[in-house]
Amino acid sequence: MKNIFMIYSNCLCVKGKTNSIICDLQRGDYEPIPNDLFDILKRYNGKKSIDEIKHIFNNEYDKIIEDYFNFLFEKEFIFLTHNPTYFPKLELNFDYPFEISNAIVEISTATKTFEIFTELNNINCKSIEIRIANELFVKNIKNILNYITFHEMIISSISIITNYNKSLNEDCLKEILNDNYRLASVIIFNSPNEHYIESDSKDGRIIFFTVQNFIGNKCCGKISSKYFSTNIQMYTESLHHNSCLHKKISIDSEGNIRNCPSMPQSFGHITDTTLEEALAHPDFKKYWNLTKDKIEVCKDCEFRYICTDCRAYTERTHTDAGGLDVSKPLKCGYNPYTGEWQEWSTNPLKEKAIKYYGMEELVKKNENGF
């Protein structure tokens, strides 16, 4: 019987215009591969042996094919079997039981903080990013965490973003991290130096001090390989929905309800509109199903299913028949037609969009790579 090669079901190949990748959804990693190898895997996976593939190419490229398959075996992307029908493909549907999965809440004196978290709990939102603009960080976060815990809310993952100030006490912050397992991370921007504090449980929850600048919502939307997420939830959601805006809701520092704080359209104010009422607005979900396969340039990119999109800041070059902006994200410096990364802010083709969004100051502060 023939030894047929098969790709492990958790290893998925994605083809770009110039390069391809294999996403290992179990190990949370990816590897670049040539498009020629992608074509071989796509056409012969579960159908041919390695010797048969060599024969198909008239044994002219034996060394290249051997190198390809040695690489695949070394990375444990493939295995050999006599019975390929025993190994079905991975189911790639995306299902999530609640209407909202994540939220961004900007805390300020104008925000009805506790009422917001009660409403988020009522719509079964589990993951929240909290952006605290003022300097009452420790007091604010303690009160918020105590409120969520006391009311036994469904909210289970909380990330905090704030700016550094001299009054921050690292021992106090670590105590908060250790005492609250809902607190996943704290990122403190504009710090004098870069370092991090781990929780005592060593479970990946950290407080990260960074020298990078955070100057408001215009900092959002940066596309970088550092932010790629190679897991089955990200991959399947990106296949079917928008990788940033799907099932997201936000309340900005002025109390406006938006899909994302950086998006221009408001769907009401938190003082007179409930989150459920905002969700019912016909435009609230208009970008939810806009996948990277429908976005210009992104549709030709090998990273499109592990990369977060941005509809708030785009190159403003294309709209679809329904009036949706399907332009490439403004802050992406990757070119899938050359396979090269460049600094997005210095690209002359983006100057008009940078000026439109008033990002000249952000571009000047981009020296630190944010």
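Where is E76 found? In this predicted model, E76 sits in the loop between α3 (62-74) and β5 (78-81). Residues are numbered from 1 along each chain as its sequence is written, and side-chain values use heavy atoms, leaving out hydrogens and water. Since this is a prediction, local features need pLDDT of at least 70 and side-chain atom pairs count only at pLDDT 80 or more, while totals for chains, interfaces and linings use all residues.

**Positive phi in loops**
- E76 is not a glycine, yet has a positive phi of about 60°.
- At 41% relative accessibility, E76 is partly exposed (buried means under 20% relative accessible area, exposed over 50%, partly exposed in between, with a 1.4 Å probe and protein chains only).
- E152, also a residue other than glycine, has a positive phi near 50°.
- E152 lies in the loop between α5 (137-150) and β8 (157-163), and is exposed with a relative accessible area of 69%.

**A negative surface patch**
- E170, D171, E175 and D179 gather in a patch of negative charge on the surface (patch residues have over 30% relative accessible area and no salt bridge, with like charges joined within 9 Å).
- A salt bridge here would be a side-chain nitrogen of Lys or Arg within 4 Å of a carboxyl oxygen of Asp or Glu.
- E175 belongs to helix α6 (residues 170-179) (helices are DSSP runs of H or I, at least four residues; strands are runs of E, at least two).
- E175 is partly exposed, at 46% relative accessible area.

**An annotated span**
- In residues 246-302, the end C-alpha atoms lie 21 Å apart, and the span is 9% helix and 11% strand.

Conventions:
Patches are made of residues with over 30% relative accessible area and no salt bridge: like charges are joined within 9 Å, nonpolar side chains (Val, Leu, Ile, Met, Phe, Trp, Tyr) within 5 Å. Accessible areas come from the Shrake-Rupley method with a 1.4 Å probe; for residues, only the protein chains shown count as cover. Lys and Arg count as positive and Asp and Glu as negative; His and the chain ends are not counted. The place of a charge is taken as NZ of Lys, CZ of Arg, CG of Asp or CD of Glu.
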